[in-house]
Structure formats: structure tokens, C-alpha cells
Amino acid sequence: MNMPQLTPGALQGLRVVEMGQLIAGPFAAKTLGDFGADVIKIEPPGAGDPLRNWRMLQDGTSVWWQVQSRNKRSIALDLRSAEGQDIARQLIAQADVLIENFRPGTLEGWGMDYETLSKTNPGLVMLRISGYGQTGPYRDLPGFGAIGEAMGGLRHLTGEPGRVPVRCGISIGDTLAALHGTIGVLMALYHRKVNGGQGQVIDVALNEAVFNVMESLVPEYSAFGAVREPAGSALPGIAPSNAYRCDDGVVLIAGNGDSIFKRLMQVIERDDLGNDPELANNAGRVARVHELDVAIEAWTQSRSVTDVLAALGEASVPAGRVYTARDIVEDPHYRERDMILKQKTRDGHEIEVPGIVPKLMGTPGQVRSSAPKLGDDTDAVLAELGMSAEAIAQLRNNKVVA
């Protein structure tokens with residue numbers, strides 16, 4: 001179901017061929033599609049992208065699919081067949097961007113290595129997302145986001161000290177890789193357009209995308225031999241910043257700025273701590289972080305989350321409660337900023353989905369079309385390649401397309 005386009009998208013006119021599946025590659029393509037790119041998603045006939053069947057289903061299709069595949073066109077194409085590979089090459093020849101997240105070597109086995117593809121399309125920008133990158137001793141190992149999170153250093157830091165590390169409740173490794181890949185695509189397109197450069201390959205590894213956001217992890221080890229360890233809900237080396245129990249829930253309080261700390265101590269009626277010269281800077285507060293956490297929680301435990309947030313808000317101390325899906329959907333701030341959008345599926349269901357980030361004031365992202373059923377756009381895409389209805393029917397009869 002097409003939705004009206006109110007303004008031209010920032011990426012209008014950009015054509016993207018997506019050959020990925022599940023999360024990392026498709027999330028990058030979704031991001032480009034949200035801002036106007038024409039995304040042609042190639043899926044295997046029959047089952048299509050496995051994400052169609054992940055988590056909770058509505059009429060046999062994942063509701064996650066409605067987010068991940070909005071603003072895309074689906075062509076069901078058998079890439080294992082010679083005819084299917086030839087069609088893919090034709091599509092790529094007309095594309096600005098190719099996104100794939102197969103295991104390294106897969107495209108080369110199909111005769112779709114970058115050197116070959118760039119002969120007919122020298123401006124092609126090719127985003128390749130894999131577990132460990134296209135080179136190196138681990139390149140051929142299978143890699144999922146969870147493994148990238150572990151090897152990137154993140155998983156070791158999640159959880160309580162002395163306990164088995166826990167995972168973030170979402171596939172953050174895949175999404176971080178997708179966002180790095182999106183940034184790489186935009187940089188490569190800028191270079192191509194502004195600097196007169198050619199296309200190029202963007203090689204994103206899941207573990208490297210995670211590692212890139214690990215802040216001071218390696219410098220601290222290099223300079224001091226310090227191996228950062230898990231710290232539960234606290235932020236190590238920055239104080240006070242933690243989760244604190246109230247009489248009806250938990251609040252997160254970030255009182256780690258020097259002036260913010262003084263205001264926080266005033267609110268909890270501990271001016272003795274707020275005026276202590278040893279606690280005037282972060283280094284001093286880190287040395288006495290346990291004492292500060294005990295003092296803060298002594299105040300929060302006798303109050304409700306609502307009362308704590310009201311008092312801290314009045315004092316301009318950053319604080320918040322832990323949101324569930326219900327909290328997010330019912331929050332007026334999310335609504336005001338169009339972060340909860342109503343979207344109609346192609347089966348006719350109305351569903352609420354996350355809005356579009358980032359917010360571009362001049363060329364905002366939009367949901368132009370809902371997520372396609374498998375092969376919804378096969379005929380239209382092949383017709384754009386100049387194929388006749390008879391030729392398309394023959395391909396379908398040969399099970400090359402669906």
C-alpha cells in the first residue's frame with residue numbers, strides 16, 4: 001500500500017539493491033529508504049527473508065518486518081540460478097548502492113565480485129557487512145551480531161560483577177554495523193559526487209562496529225594495564241551515575257557534572273557532601289562513589305518514582321525512569337515528535353511502528369510504502385529492466401522468479 005509523499009526525500013533518485021537478510025544489511029537499506037532511496041530488496045522465492053517469520057507474527061508475517069522493510073520493493077529472485085544471477089547483475093548495473101551481508105566469498109562464487117560489477121558500473125558503492133570483515137584470518141567464520149558484541153568487548157561489560165555476562169535485549173551488534181555501513185555509504189556517495197571519485201567497497205565487520213563504540217577500553221589498558229570490568233547499572237569512572245531504588249520502582253540519575261552534583265546534593269538534603277571539597281570534581285567523587293550511591297538511595301527509597309523525578313526535574317538534575325514498550329507508546333513526548341507512527345500493513349492491519357531518526361528539518365524521512373509481501377514488485381522491477389510480460393512469465397514458470 002503506497003502512502004503519499006509530502007516532500008522530496010533527501011535521497012530521492014538514489015537506487016539501492018539490497019541482497020542482505022535478517023538485520024544488519026536490511027537495517028542499513030531501511031535507513032536509506034526512509035529518506036527517499038528506491039530500495040529493491042532481492043529475496044529467495046518461497047520463504048523470502050527469514051525475518052518475515054521472526055518473533056511475533058500477524059497473519060503469518062512478523063510485525064518486525066513492517067518496520068525493517070517499509071519503503072522497499074520486493075523481488076523474489078533465485079540467486080543460485082544462472083538466470084537469477086544475470087538479472088541481479090542487470091539490477092546492480094543500474095544501482096547506486098549494493099548492500100549485502102552474506103558470508104565473504106558468496107558473491108564472488110556467483111560472479112558478482114566488485115571488480116566484475118564495477119566494470120559495467122564504475123560508480124557503484126558496495127556495502128559489505130559480515131562477521132569479521134572481508135580480510136583477515138577470521139573472514140570465513142560465520143558471525144552473528146551476538147558474537148560481534150562479545151568479540152567487540154561489549155558483552156564482557158554487561159551485567160553484574162562476578163556473574164555471567166548478559167546480552168542487551170536487542171541485536172545491538174547488527175544495528176551498530178548497519179549504522180556504520182550507512183555512514184560509509186553516504187561518505188562514499190559524497191566522494192563520488194563532490195570529489196569526482198569512483199565507487200568503492202565499504203567493508204564493515206560486526207565486531208569492529210561494536211569495538212568502535214567502546215570508548216576508553218583500549219587506551220586504559222594500553223596506558224595502565226587496566227582491564228575494564230562489568231559494573232552493573234553504574235557508569236565506571238564517572239560519579240554519581242547509577243540506578244537507584246524508589247519505593248515503587250527504579251530511577252536513573254546522572255549527577256556526575258560538578259554543578260549538577262551540587263544541585264543533586266541539595267535536593268537530597270546532603271549539603272555536607274555537596275560542599276565537601278574532596279567531592280568537587282569527578283576524580284574525588286569516583287573515589288567515594290559507594291558513599292554517594294548509599295546517600296542518594298537513602299533519599300530515593302522513601303519516595304515514589306514520580307516524586308523523585310519531579311524534585312530532580314525542578315533542580316535540573318538529569319534523571320529518568322526505565323521505560324517499557326507501554327511507557328514509550330503512551331508518552332506524549334514520543335507522540336509530539338512523531339516517534340510513534342501509524343502504518344497500515346498490506347494485509348490491512350493498522351499497526352504502530354517507530355518513527356524515523358534522525359530528524360531532517362528540510363527533507364524529513366517518511367514512510368512512503370508499507371512493507372511488501374514476497375515478490376510484490378517482481379513484475380514491476382523486471383519490466384523496468386525492459387522485460388516483456390511473456391519473458392517474465394517464462395522466468396516465473398522456470399522458478400527463477402516468483
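In the largest nonpolar core of this predicted model, which comprises 32 residues, the members that touch the most others are V16, V97, I99, L127 and V185; a nonpolar core is here a set of buried Ala, Val, Leu, Ile, Met, Phe, Trp, Tyr and Cys residues joined through side-chain atoms within 4.5 Å, and buried denotes under 20% relative accessible area, as against over 50% for exposed and values in between for partly exposed, with a 1.4 Å probe and protein chains only. Two or more residues each are given to this core by α1 (24-34), β6 (97-100), β7 (125-130), α8 (172-194), β8 (200-205) and α9 (206-211), helices (H or I, at least four residues) and strands (E, at least two) being DSSP runs numbered from the N terminus. Helix α8 supplies the largest share, six residues.

Residue V97 is in contact (heavy atoms within 4.5 Å) with L14, R15, V16, V17, L124, V125, V185 and L189, when residues up to four places away in sequence are not counted. A second core, separate and made up of 29 residues, includes I40, I42, I92 and M126.

Eleven of the eleven residues of α1 are buried, so this helix is largely enclosed by the rest of the structure; among them are F27, K30, L32 and D34. Just after α1, G36 adopts a positive phi of about 110 degrees. Within helix α8 lies T182, a buried residue with a relative accessible area of 7%, and T182 touches A28, T31, L32 and L127, again not counting residues up to four places away in sequence.

Residues are numbered from 1 along each chain as its sequence is written, and side-chain values use heavy atoms, with hydrogens and water left out. The model being predicted, local features need pLDDT of at least 70 and side-chain atom pairs count only at pLDDT 80 or more, whereas totals for chains, interfaces and linings use all residues.
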